[in-house]
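Student: Could you show me how to read salt bridges and cavities in a model like this?

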Amino acid sequence: MKNILMLLCLVVAGNTFAQIKMQGVVKDSIGTPLELANVIAINQETNGLESYAVTNDKGKYILSLGKNGKYKLQVSYIGLTTYEEIISTAETDITKDFTLMPDNALDAVELTYEMPVTIKGDTLIYNADSFKNGSERKLEDVLAKLPGVEINDDGQIEVEGKAVSKIMVEGKDFFDGDTKLATKNIPSNAVDKVQVLRNYAEVGQLRGVQNNQDNVAINIKLKEGKKNFWFGDVTAGAGAAPSPNDELYLVQPKLFYYSPKYSINLIGDMNNIGEVALTNRDLRGFGGGFRLPSRTSGTNINLGDNGLGGLTNIANAQEVITKLTSANFSYSPNKALDLSGFLIYNSSRLRTRENNVIEYIEVEDDPNTPIDESNIPPNEETTSTGREATNQLIAKLSASYKPNVNNQLDYDVLARTSDDEERQNLFSSVVGNTNQVDQVKPFSINQNLNYYYTLNENNIFAFEAQHLIKDEDPFYNAILDDENDAFDNTATGLGLDLNQLSYDLNQERRVKSNQLDAKLDYYNILNSKSNINLTLGTIFSNQKFNSNIFQFLDDGTRLDPTPTITNEGELLSAENDNVEYRFSDVYLGVHYRFKTGKFTFTPGVSFHAYSNQNTQNGDTFKDNFFNVLPDFEARIQFKKSESLQFNYNMQNTFTDVTNIAEGLVLNNFNSIQYGNPELQNALSHNFRLFYSSFNLFNYTNVFAGANYSKNEDQIRSLTNFESVIRTSSFFNSQFADENASLFGRVERTFGKIRARFGANFNYSKFNQFIQSVENPSINKSFTQTYSPELRTNFREAPNVRLRYRFTERDNDQGNNTTKFITRAPSIEFDAYIWNALTFVTEFTYNEQEGNGQTQVFKTWDASLRYRKDRDAKWEYSLRASNLLDIDSNISNGAGTISVFSSETFVQPRFITFRLTYTL
């Protein structure tokens, strides 16, 4: 690593000393400096783009040129005649001003090269070819080289620190704008322009009356040869696995068609090497572009998620077998009507293995309320092996009708269903051997209806409604040998039969959810700088919950137990029978938006009439109340690409039915809960400050932000332990929880070198309740992360990306403090050689320090690809993952009442040969 750093420094130094600086000012014919004028220098020897610049607000530009060279300069500005001149450089810097004259079509100069980056209003346009060197294969490879654009560790795109909400191709949503599907599948050779749409408005009629500063979208413009023709690629691969009985395979067809009238996207994937287009977690979070109408109302109602909770990260699996079939279409039969939809089917099979060492911590004692020492769990070592099988189907159909500029009607329907199963064998040093099965077949249908009507230039109406039906039926089974009798006391409390060879514990659950979320907005435009927004909205939610715990005896008969666990002196039931939870919110919101100079202010307030009630065991609990929730936004627009934004809001959060149900519910065999029918809402105060600046003059991108939230009446759990078996109930805590974060990143380009430095700080304080609600254990954590990076962007020479990530996590758990440090230097190298051969490799060294131990985990992947030239149809590649054949990785951390060390086993070294045909 040190040698590589030294080599990169020598490359940077050589590149710097071999150049001179050319600078000056660009003005118009009357001497006014021109901001955002383009200056291009073309190397006359290679006919390639040598350097480019965009003038600042004073008309100044700076170019980096090679010494003793000859260059063609082109200076351009919209509406003015392009200026062209041949210059020669020597050993000294050059100062030269330019004056552009009014445009004359007869004297127009044809631009030899397009500017790599241009700005048109709120749109930032990257010319993709200016950043390619031939090693790119997919859209993500291009985006990673664009200044101001980053693909984070989760595969999501960020621009100037803001997450990209959707990706379009030729103005059409790509699988409803899913960014991960787009970045990993759209071929790089089809990309002509990348348009970053800042302040993006989904509805054009509302562009001037809403605050869209946080909305960022990307539109991909295709090369001319890719329009009205099928394009894409088909890849097939094979390899030998470490096991002689297994063979590696991969088949990935990816086909696309775009025309002005319709588009078709087809993506398939079948492999057993762990390369997936979408993970199970991605699909679970795939929203299909749906956004709740009440998202800014200040009310958050949680319907819960009763699917499989332990879906494994692909990187933490020993074996991964996936099949994906997906199709996306759009069709415009006329200018007024747009139809679109998609279908995604994904099947995956995962095998996992993990070892854990868990050390439980004695919580902080209050002398007045001593903790029962027997309530502290014993330390535990576990070994788990598991298999996951999921089959997921998602389908969506959308229609948008725009007969004229004053009317727009949208309708969407999204359906999803899955068949999921997780089997796990867990050996615990405390409980013994346990076999567990989780099964669930949920389905949901989500419908969305929006209508936007512009009455006249001063009055706009917007109606949005969304309806959700969801049905979840999880089943759980655990067979415990309980060799150490650690489960006996819990079994007695559950009312199980102890005179069996093993405990065959089962639970059936059924959760049905039905929710309507709708609002009507009225916008009155007072003048060019102010408008009033009135909102009348409502949320109606109904959930029904049934569950029952039962035991299969050795003779196969079923036992419905009678628990002896009590809550405030009353016996709890092993069954929740027809628990119904109803919630409604009727609200009126008022917002006033006005501009003055560089400032935009949007103060607002919403008035809420809440009603929630739950019925169970013949009793009904009602809670009706009125609440006022203020919110405020202020924005300072220093320049076109520099702003500071402040937000504040209050939010009410309501729980789901499973936390209200009074009967016992198994999360798994060692985690039992019962609800509280008198749970009330939690209230949070949220503050946000965000600064962003994108400067094309000196190629500097800066963003920074700070967040703070304080949660009052937070719903917390009161936990009691019996050995390692925890039983939890819920209540509204009188102790406030807090969270604060500070983050930022600075990026600057120096010639062909891009430097980046990011930092993130997070502090949280929350209250953990063990045995007593009056004696909270205050858990504090502070995490700091630093991530410097250097990256080259040569067109001809090989490129290197050097990154270093340092993370320190400090946890204060009352009587115990822990510190965990992670150091992760990494290097990526890619070279396009002889216009035919591409070599790409990535190495990461991960060192974790904590609990008096230091663990090291290394990853090394590489690929070698050959194609006759850039336009060749066939490509042959050899790819290797986990070249060092690492069996497992180690992670250390701290929970609320424990410190743990985990060893997760991963896929072995895979080497595959692949053949790709490009359409």
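Predicted model: local features only at pLDDT ≥ 70, side-chain atom pairs only at ≥ 80, totals over all residues.

Tutor: Residues are numbered from 1 along each chain as its sequence is written, and side-chain values use heavy atoms, with hydrogens and water left out.

Student: How many salt bridges does a search of the whole structure find?

Tutor: A salt bridge is a side-chain nitrogen of Lys or Arg within 4 Å of a carboxyl oxygen of Asp or Glu. Searching the whole structure gives 38 of them.

Student: Which residue does lysine 67 pair with?

Tutor: Its partner is glutamate 91, with the closest N and O atoms 3.8 Å apart. The two sit in distant parts of the chain, 24 residues apart: lysine 67 is in the loop between β4 (60-66) and β5 (70-76), and glutamate 91 in the loop between β6 (83-88) and β7 (94-95). Strands here are DSSP runs (E, at least two residues), numbered from the N terminus.

Student: What does lysine 96 do?

Tutor: Lysine 96 forms a salt bridge with glutamate 85, closest N and O atoms 3.5 Å apart. Lysine 96 lies in the loop between β7 and β8 (98-99) and glutamate 85 in strand β6, so the pair ties together parts eleven residues apart in sequence.

Student: And where do glutamate 808 and lysine 819 lie?

Tutor: This pair has its closest N and O atoms 3.6 Å apart. Glutamate 808 is in strand β47 (residues 799-812) and lysine 819 in strand β48 (residues 817-833). Glutamate 808 is buried at 13%, whereas lysine 819 is partly exposed at 45%.

Student: Now, which residues line the second largest cavity?

Tutor: On a 1 Å grid over the protein atoms alone, a cavity is a set of points where a 1.4 Å probe fits but cannot get out, and lining residues have an atom within 4 Å of a point. The second largest cavity is lined by Tyr581, Asn612, Phe654, Thr655, Ile660, Leu679, Gln680 and Asn681. That lining has no charged residues.

Technical notes. Helix = DSSP H or I, 4+ residues; strand = E, 2+ residues; numbered from the N terminus. Buried < 20%, exposed > 50% of the residue type's maximum accessible area, 1.4 Å probe, protein only. 1 Å grid on protein atoms, 1.4 Å probe; cavity = no way out; pocket = protein on both sides within 12 Å on 5 of 7 lines; lining within 4 Å. Nonpolar A, V, L, I, M, F, W, Y, C, P; charged D, E, K, R; others polar.
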